[in-house]
Structure formats: C-alpha cells, structure tokens
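Visitor: I'm new to this one. Can you put it up and walk me through it?

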Amino acid sequence: MARTVCLIPGDGIGPEVAEAARMVIDASGAPIEWLTLPAGAAEAEAHGSVLPDHTVEAIAAHRIALKGPVTTPIGKGFKSVNVQLRMRLNLYAAVRPVRSLPGIKTRYEDVELVVIRENTEGLYSGIENEIVPGVVTSLKVATRVACERIAHYAFAYARSRGRRRVTVFHKANIMKMSDGLFLECARKIHQAEAPDIAYDEMIIDNGCMQLVRDPSKFDMLLLENLYGDVVSDLCAGLVGGLGVVPGSNIGDDCAVFEAVHGSAPDIAGKGIANPLALIMSGVMMLNHMEERACAERIRNAYNAVLGDGRPEELTGDIGGKGTTRGFAEAMVRRMT
Ligand code: NAI
C-alpha cells in the first residue's frame, strides 16, 4: 500500500532538485503518494506565511517529509523556516552522513563520517535583545533534557550502525556552563549506555583543524546546534561539496529528510544544481520507511552514474557540464 510522504519543494534550487528527487524515487518503485506542501520565502510572498500551519499539521499527521531548502533573510526578516519546523515538530537530531563517493576526486579517499547535530536549542533559540542602543545580546540555551536526548540518540545510532567512536566538538573552555552541560550529558550517557563505544572530546577549533588534516581519524561527531551546522558544511567540503551530502531531521514522532545545502540563489532557476544531495536524503528516507530494496536501487544507480563519470551526465559542481534533470534521467536509465 502506498504511503503518503510530504514533499516541500522550498525556495531557490529547491523545486528543481525536488522534482529530480521525486523522479528518481518514483522510478525506484517506492510505494509513495506525494503530498506537495508549501513553505519558504516564495510562499510568504504569495500567501503571507513562510510556514503555513497546514504544512506543519500534514507532516505531523503523515510523520514523514522530504524537504527542499528554504531561503532565510540575512540580518533581518522572518525566523528561519528550518529552525521553526525543527522546533515545532521537535526534530531534535540532525543526522548527516558524509562519505567519499566514486568518481568524485577530493583530497581524501576514505571519508566515512556521520555528523549528529542537536537541532532544537543553542544559539538557534533566536533569543536576541538590544539591551541599550549599540549593545546586543544573543542567548545560548542548553537544557539537560535536550543535551541528554541528543547524546542518547548519538550512542544508540552508533550501536545500531556498528560505529566505533563518538567525538564531541565543544568550546567548554569558554562557554563553561552551556557547552559544559553538553559535555557533562554526553559523558554521562556514554558511561551509562555505551561504555564499550570509544568516546572522546575536542575543543572545536582544534577539531576542525584535525578534520581537514585527516578525516579518517573520525567516525561520528556529536555537536550542539551551531557547531553542527558549521561543521556539516566543512565535512561536505571533504567529499565534494554541498551537492553530495544528505541529511535528516529526526524526532520521536516524525522525520524530515533534507540536504545539508541551502537554496543556492547564485544558481537558482538555471537547472544546473546537483540533485544528488536531496536524492541521497531520499535514500535515507526510504531506509527509514523500511523500503530498503528501493533505497539500494537508487544507491546503485548514483554510484553507477558517478563511477562512469560522463561529463554530460554530471552537474558542474562535481566536474560535469550537465543539468539537474539530466543527472536524474541518467540515474533512471541505470535503474531500468
Ligand atoms: P547554499 O548551500 O545555498 O550555497 C552555498 C554554495 O554551494 C553556493 O555557491 C551554491 O551554489 C552551492 N550549492 C549549494 N547546493 C548546491 C547544489 N545542490 N548543487 C550545486 N551547488 C550547490 O548556502 P548559502 O548561499 O549560504 O545560503 C543560501 C540560502 O539558503 C540562505 O537563505 C540560507 O539561509 C538558506 N539555507 C537553507 C538551508 C535549508 O533550507 N536547509 C540550509 C542552508 C542554508
């Protein structure tokens, strides 16, 4: 029986990559009925709301969504739709696997990392005030509940996937209380639930340096919200860029799958964005839905397209000269 999956095309390159992802997922034979829902800056211009209630309610009801990126204005304007969605649906764990891929040449050949990012608090709480003219504060929120919950998620994930090490990046030398609590909770959950899995901690500046020197030293990274956001993009750079790194936002009740990248206004509307990151997010979604054969079919297809390395089938960000649609069509050809 077909399952309803919410599809949010989003802004910028979102509709282009969402269409490509949908084409590939449908071609895999996945039993999905798509429910397309609005969100984002374009939606706000059309109907006045960046995140309509009915979009959030539909995701809560159907419990699963594939989402394109949405634009957030810089230095002014509405609160990020992504942050709102993650908070309203309590999607507390962002999971971002970062892997070396066939045919994509980078400085490293053996990257096999998973970034786990706390998704609901930290500086993304958006509590900012101008105390007096010219003095602004931004509040970093850390709660024991959320810090323990994400640590629990990370170690459970490590165990279920046979991972060997979890490394926490932090800045508890400076933010002694907030990052200190994050560390305290990670240590406690590690001891209580996964003492057999290796655990270590690094001050984030050193951690970033170690990552770019030798990513093979790392297995899983556990980070609070802002660090997770920044380090995810750094990790994408290790394996070929933002066009090739997928992600998911997981809560106890529902899950929203989306690429790490944004709406890429510089290339939006040109039909040249790489749809692979959203397609890979679709693979994560199919695995979550226990549609493993369809997920495997798609994975084999993109590995084949990448491995063949025909420039006309690949997008520009990974060295090709093809289009978004062309990449999706090449994948569909490998599946049939
Ligand atoms: P971005 O990820 O949109 O773009 C950064 C660079 O990567 C650009 O040069 C872009 O062309 C390239 N790029 C990104 N995705 C690509 C793809 N699939 N194929 C080929 N090239 C790709 O980040 P930026 O420019 O910092 O943010 C643009 C907007 O996106 C902002 O409004 C930001 O708030 C939003 N954003 C939304 C996210 C989401 O919805 N999950 C995540 C990150 C940013």
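This is a predicted model: local features need pLDDT of at least 70, side-chain atom pairs count only at pLDDT 80 or more; totals for chains, interfaces and linings use all residues.

Visitor: Fine. Which backbone has a polar atom 2.9 Å from a ligand oxygen?
Guide: That of Val 70, through a polar backbone atom.

Visitor: And which side chains come up?
Guide: Asn 82 has a side-chain N or O atom 2.9 Å from an oxygen atom of the ligand. Glu 258 places a polar side-chain atom 3.1 Å from a nitrogen atom of the ligand.

Visitor: How much of the ligand does the protein bury?
Guide: The protein buries 70% of the 810 Å² that the ligand exposes when taken alone.

Visitor: How many residues surround the ligand?
Guide: There are 21, and the closest are Val 70, Thr 72, Gly 262, Ala 264 and Asp 266. By type, the shell has 9 nonpolar, 8 polar and 4 charged residues.

Visitor: Changing topic. How many salt bridges are in the whole structure?
Guide: A search finds 25. One of them joins the side chains of Asp 229 and Arg 117, at 3.7 Å from N to O. Asp 229 sits in helix α8 and Arg 117 in strand β5, 112 residues apart, so this pair links distant parts of the chain.

Visitor: Is Arg 117 buried or exposed?
Guide: Arg 117 is buried, because its relative accessibility is 1% and the cut-off for buried is under 20%.

Visitor: Which residues are linked in a network of salt bridges?
Guide: Arg 99, Glu 112, Arg 163, Arg 164 and Asp 219. Within that group, the side chains of Arg 164 and Asp 219 meet at 3.8 Å, N to O. Both lie in loops, Arg 164 between α5 and β8 and Asp 219 between α7 and β10, so the pair ties together parts 55 residues apart in sequence. Asp 219 counts as buried because its relative accessibility is 2%.

Visitor: What about the surface? Which residues form a nonpolar patch there?
Guide: Ile 131, Val 132 and Val 135 do, with about 250 Å² of accessible area together. Val 132 belongs to strand β6, residues 128-132.

Notes
Residues are numbered from 1 along each chain as its sequence is written. Side-chain values use heavy atoms; hydrogens and water are left out. Patches are made of residues with over 30% relative accessible area and no salt bridge: like charges are joined within 9 Å, nonpolar side chains (Val, Leu, Ile, Met, Phe, Trp, Tyr) within 5 Å. Accessible areas come from the Shrake-Rupley method with a 1.4 Å probe; for residues, only the protein chains shown count as cover. A salt bridge is a side-chain nitrogen of Lys or Arg within 4 Å of a carboxyl oxygen of Asp or Glu. Helices (H or I, at least four residues) and strands (E, at least two) are DSSP runs, numbered from the N terminus. A residue is near a molecule or strand if one of its heavy atoms lies within 4 Å of it. A polar contact is a pair of N or O atoms within 3.5 Å; within protein, one must be able to donate a hydrogen and the other to accept it, and residues adjacent in sequence count only if both atoms are side-chain atoms. Ala, Val, Leu, Ile, Met, Phe, Trp, Tyr, Cys and Pro count as nonpolar, Asp, Glu, Lys and Arg as charged, and the others, Gly among them, as polar. Buried means under 20% relative accessible area, exposed over 50%, partly exposed in between (1.4 Å probe, protein chains only).
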